[in-house]
Structure formats: structure tokens, C-alpha cells
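These are my notebook entries on one structure. I record what I looked up, entry by entry.

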Amino acid sequence: MSQKQHSVRLFLNADLSANTGVILDKAQSHYVVNVMRREVGDTLALFNGRDGEWLGEVQDARKNGCLVHVKECLRPQLSVPNIELAFAPVKKIQTALIIQKATELGAASLIPVQTVRTNADRLREDKIILQAIEAAEQSERLDLPEIKPLTRLTDYLKGLEPDRVLIFCQERAGPGDLLADLAKLKNHQKWAVLIGPEGGFTDEERTLIVGHETTTVLSLGPRILRAETAVISAMTLVQASIGDW
Ligand code: SAH
């Protein structure tokens, strides 16, 4: 397959099965036809988060509704480790970075959490979904992370399933054996990684989080990381020690 054919990979909501046709929406058709210059007979990859990844062939390169013939399954659907990222929204650009990186790093779900020092006024759920779709397409994921609505920290803690381990990333937590601490969590099935806002959690919030029955405190080293760096570091460590790496 040529390089040209490899590089278009699209998420869509339609069911995917052999010998069916799908019509791409306007934005995807524009991307395929005008931006990527695909023509009739060119192939691309399609996924919907349920049916695996499929090879599609452009049948009609219409700019408003490109018709794609679905040919064969390239990869069956896989389930990803149930790692949730709970993050306090930060400024727009950094929040976009968090969504993108957490999706690439395989978070199963993303939940923005409102804390005392969070200003989430500008959080746009539709934008977050688009950022996650783009990162999933690019990173060859077979699914999208579930995007949960903005939730107050207290409600998030109350609503956590009793069997979900809460990995609380806390700066200045003191030295610990990080890899050994993470290895101890391996025999669980559900995890959540919690990262705070730029201003950190308040003392009261910290007490509440540490007091939650499934909390494990994780130090990401002696330096204070920005929230987006903390997300990348924590997701990497968790995936490498208990996830699917
Ligand atoms: N302004 C705060 C730091 C907040 S950093 C202060 O100076 O104390 C934003 C978030 O990143 C924190 O709430 C924490 O969840 C995470 N974080 C940053 N550095 C960390 C570290 N070394 N270990 C664990 N978590 C860290």
C-alpha cells in the first residue's frame, strides 16, 4: 500500500461491515477530497469504536458527501485497559494538549473535574470531542475515549465505583518507590488518574481525596510539573506498569 493510502484514517458513527457503503460527512469529505486529494479507487481506513478497523475505497469523491465502499476488516475491535483520566481543566491550549495526549496514551475515559482553583468557564465539550477524535484517528486507536461531562470534585469522588483505584498525583508527596507502588495496583481492573489544576488542590480537597477509600498517592518526582506534563508522565507510567504497553 502506498504512503498516500496509509495516511487517511477516519472515525465515524456508522456501522461497518463488508460490502456496504458509507457516506462521509461534509467536514470529512472536504478533508479526504480537497485536503488529502483522494480520488476514486484510493483506499482509507475507517473505525467506529465498535466494529474494528476497516479498509474503505473511495467510490464517489463528492466534496459534500464522499461515498466510500467498505471492503474488509483490517483489525478486530480490542478493548483497552479501563484507565480514566480525571483532570482539572486549565487554559484552552493546555486543556487541548491534555485531551490529545491522554487519547494518544490510551485513556479509556476523560472527565474534567471542577475544583476550587479551576476556572472551567471556557470548557467546550464539542471541542473536546473533536480533539479526541483527531487524536484517535492519528494514533491508530480503535476506539474513542468516553468524554464525561464536567463534574465537581466532591461529586466525582462520591460517584466513583468502589472497585476503581484512584491514583492521586500529588506534588511534594515525598520520595516513594513509584514503580513498586504502581505494580501493587496491577491486580485491579479499573483505575483513575487524578491531576489537579495549575494552582494545585486546596488542603481541604487534598484531605478529601486522600480520605477516599480507594486512593493511592503517586509522586511524579521531586519537581513540580505543569498539569499537562503531569498528565503525560502519569499516563505513561500507569500504562507501562499496569496497562497495555
Ligand atoms: N501550583 C501547584 C502545583 C500544581 S501542578 C504548586 O506549586 O504546588 C498541577 C497538578 O499536577 C498537581 O495538582 C498534581 O496533580 C500534578 N503534579 C505536578 N507535579 C507533580 C509531582 N511532582 N508529582 C505528582 N503530581 C504532580
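I began at G56 and looked up its bridge partner, which is V70 in β5. The model is predicted, and local features need pLDDT of at least 70, side-chain atom pairs count only at pLDDT 80 or more, while totals for chains, interfaces and linings use all residues. Residues are numbered from 1 along each chain as its sequence is written, and side-chain values use heavy atoms, with hydrogens and water left out. Helices (H or I, at least four residues) and strands (E, at least two) are DSSP runs, numbered from the N terminus.

**Entry: the sheet**

I next looked up how β4 and β5 are joined. They run antiparallel with seven bridges between them, and a hairpin of six residues connects β4 to β5. Two strands count as paired if DSSP finds at least two bridges between them.

On its pairing with β2, I noted that β5 (residues 67-75) is antiparallel to β2 over four bridges. There I23 stands opposite L67 of β5.

I then wrote down the whole sheet: it is open, has five strands in the order β1-β3-β4-β5-β2, and its pairing is mixed. β1 and β2 (20-23) are at the edges with a single partner strand each, so one side of each has no neighbour in the sheet. Neighbouring strands are turned by 40° against each other on average, direction ignored. Axes are lines fitted to C-alpha atoms, for helices over the stretch in contact, and angles run from 0 to 180 degrees between N-to-C directions.

**Entry: β1 and β3**

I found that β1 pairs with β3 (residues 43-47) in the parallel sense over three bridges. L10 has L46 in β3 as its bridge partner.

What holds for the rings of F11 and F47? Their centres are 5.5 Å apart and their planes stand at 65°, so the pair is edge-to-face. F11 is in β1 and F47 in β3, so the pair ties together parts 36 residues apart in sequence. I counted ring pairs by this rule: rings of Phe, Tyr and Trp (its six-membered ring) pair if their centres lie within 6.5 Å, and planes under 30 degrees apart are stacked, over 60 edge-to-face and the rest tilted.

**Entry: helices over the sheet**

Which strands does α2 lie across? It lies across β1, β3 and β4 (53-60), at about 175° to β1. α4 lies across β1 and β3, at about 145° to β1. I looked up E140 as well, which is in the loop between α4 and β8 (146-147). E140 touches R9 and R75, not counting residues up to four places away in sequence; contact means heavy atoms within 4.5 Å.

**Entry: the largest pocket**

I turned to the open space. A pocket is an open set of points on a 1 Å grid over the protein atoms alone, where a 1.4 Å probe fits, with protein on both sides within 12 Å along at least five of seven lines; lining residues have an atom within 4 Å of a point. Grid points are joined across faces, edges and corners, and a volume is the space filled by probe spheres set on the points.

The largest pocket holds about 530 Å³ of space. Its lining has 23 residues, with R9, L10, I133, E134 and E137 nearest the centre. The elements giving two or more residues to this lining are β1 (9-11), α2 (26-35), α3 (92-104) and α4 (125-139). α4 gives the largest share, seven residues.
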